[in-house]
Amino acid sequence: MSRALLSLGSNLGDRLAFLQSAVDVVRPAVVAVSSVYETKAWGVEDQPDFLNALVLVDDPARDHWDWLRTGQAAERVAERVREVRWGPRTLDVDIVTVDGVRSDDPQLLLPHPGTPERASVLIPWLEIEPDAVLPGHGPVAALLAARPTSDVDSVRLTSLRLVL
């Protein structure tokens, strides 16, 4: 086990810098980084817009639990505070999938719940892995095609870039 897809989001402070800090934490393992997209908040909608990106990483020494701990470490570096579920945050790192592992453990649900319905994950994922398949759900391109146009159109490509 080694290959994982991480979803990054930030809607507080210097959003791009927080996304970059997460990339910096996983830098030695980075295979690909998507463009940066801007989206409306999901869940609790009365909050600032998010910047989102996906990072494909590979490290044969890490399993799915290691990737969770790495994501949590990146959130600590960004001084994330968990006050409201789906509330504003400096950095959110979700483990989308790890080598097709399925997990029902409440601390690490894999693949990440809600992925099939989130154009903010599907669009950047297809950018870096055009033939991607979400375990248990099928091709990511088909999942995106099934999303309403309004959902797809709400994911706005920015000119911002993350540095590898």
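**Reading a predicted model, feature by feature**

Modeller: By class, 8 nonpolar, 2 polar and 3 charged residues make up the lining of the second largest pocket. Keep in mind that this is a predicted model.

Biologist: Which residues of that lining lie nearest the centre of the second largest pocket?

Modeller: The lining has 13 residues, and those nearest the centre are Thr97, Asp99, Trp125, Glu129 and Val133. The space in this pocket is about 170 Å³.

Biologist: Which element gives the largest share of the lining of the second largest pocket?

Modeller: Strand β1 does, with 3 residues. At least two residues of the lining come from each of β1 (3–10) and β5.

Biologist: Let us turn to peptide bonds. Is the one that joins leucine 110 and proline 111 cis or trans?

Modeller: In general, most peptide bonds are trans. The bond between leucine 110 and proline 111 is cis, with an omega of about -10°. Proline 111 belongs to the loop between β7 (108–110) and α3 (119–128).

Biologist: Next, the helices. How far apart are the end C-alpha atoms of helix α2?

Modeller: They are 20 Å apart. Helix α2 covers residues 64–77, and at 1.5 Å a residue its 14 residues should span 20 Å, so the two values agree.

Biologist: Which residues of α2 are buried?

Modeller: His64, Trp67, Leu68, Thr70, Gly71, Ala74 and Glu75 are buried. Seen down the axis of α2, they fall within an arc of 160°, so the buried residues line one face of the helix. Arg76 and Val77 are exposed on the other side of α2.

Biologist: What covers the buried residues of α2?

Modeller: The cover includes β1, α1 (15–26), β4 (50–58), β5 and β7.

Biologist: You listed Val77 as exposed. What is the relative accessibility of valine 77?

Modeller: Its relative accessibility is 54%, so valine 77 counts as exposed, since exposed means over 50%. Valine 77 lies in helix α2. It is 59 residues from phenylalanine 18 in sequence, while the two C-alpha atoms are 8.8 Å apart in space.

Biologist: How many residues does α1 have?

Modeller: Helix α1 has 12 residues. From first C-alpha to last it reaches 18 Å, which is close to the 16 Å expected at 1.5 Å a residue. Its buried residues are Leu19, Gln20, Ser21, Ala22, Val23 and Val26. These pack against β1, β2 (30–33), β4, α2 and β5.

Biologist: How many cavities of 30 Å³ or more does the structure hold?

Modeller: It holds 1. The largest cavity has about 50 Å³ of space. Two or more residues of its lining come from each of β1, α1 and α2.

Biologist: Which residues line the largest cavity?

Modeller: They are Leu6, Leu8, Ala22, Val23, Val25, Val26, Val55, Thr70, Gly71, Ala74 and Val93. The largest share, 4 residues, comes from α1. By class, 9 are nonpolar, 2 are polar and none is charged.

Biologist: Now a charged residue in a strand. Is aspartate 92 buried or exposed?

Modeller: Aspartate 92 is buried because its relative accessible area is 13%, and buried means under 20%. Its place is in strand β5. Leaving aside residues up to four places away in sequence, aspartate 92 touches Ser7, Leu8, Gly9, Glu75 and Arg80.

Biologist: One last residue. Where is the place of proline 148?

Modeller: Proline 148 is in the loop between α4 (140–145) and α5 (149–153). Its relative accessibility is 41%, so proline 148 counts as partly exposed. Proline 148 and alanine 119 are 29 residues apart in sequence, with 9.3 Å between their C-alpha atoms.

Terms used: Residues are numbered from 1 along each chain as its sequence is written. This is a predicted model: local features need pLDDT of at least 70, side-chain atom pairs count only at pLDDT 80 or more; totals for chains, interfaces and linings use all residues. Side-chain values use heavy atoms; hydrogens and water are left out. On a 1 Å grid over the protein atoms alone, a cavity is a set of points where a 1.4 Å probe fits but cannot get out, and a pocket is an open set with protein on both sides within 12 Å along at least five of seven lines; lining residues have an atom within 4 Å of a point. Grid points are joined across faces, edges and corners, and a volume is the space filled by probe spheres set on the points. Ala, Val, Leu, Ile, Met, Phe, Trp, Tyr, Cys and Pro count as nonpolar, Asp, Glu, Lys and Arg as charged, and the others, Gly among them, as polar. The expected span of a helix is 1.5 Å times one less than its number of residues. Buried means under 20% relative accessible area, exposed over 50%, partly exposed in between (1.4 Å probe, protein chains only). The arc is that of the directions from the helix axis to the C-beta atoms. Contact means heavy atoms within 4.5 Å.
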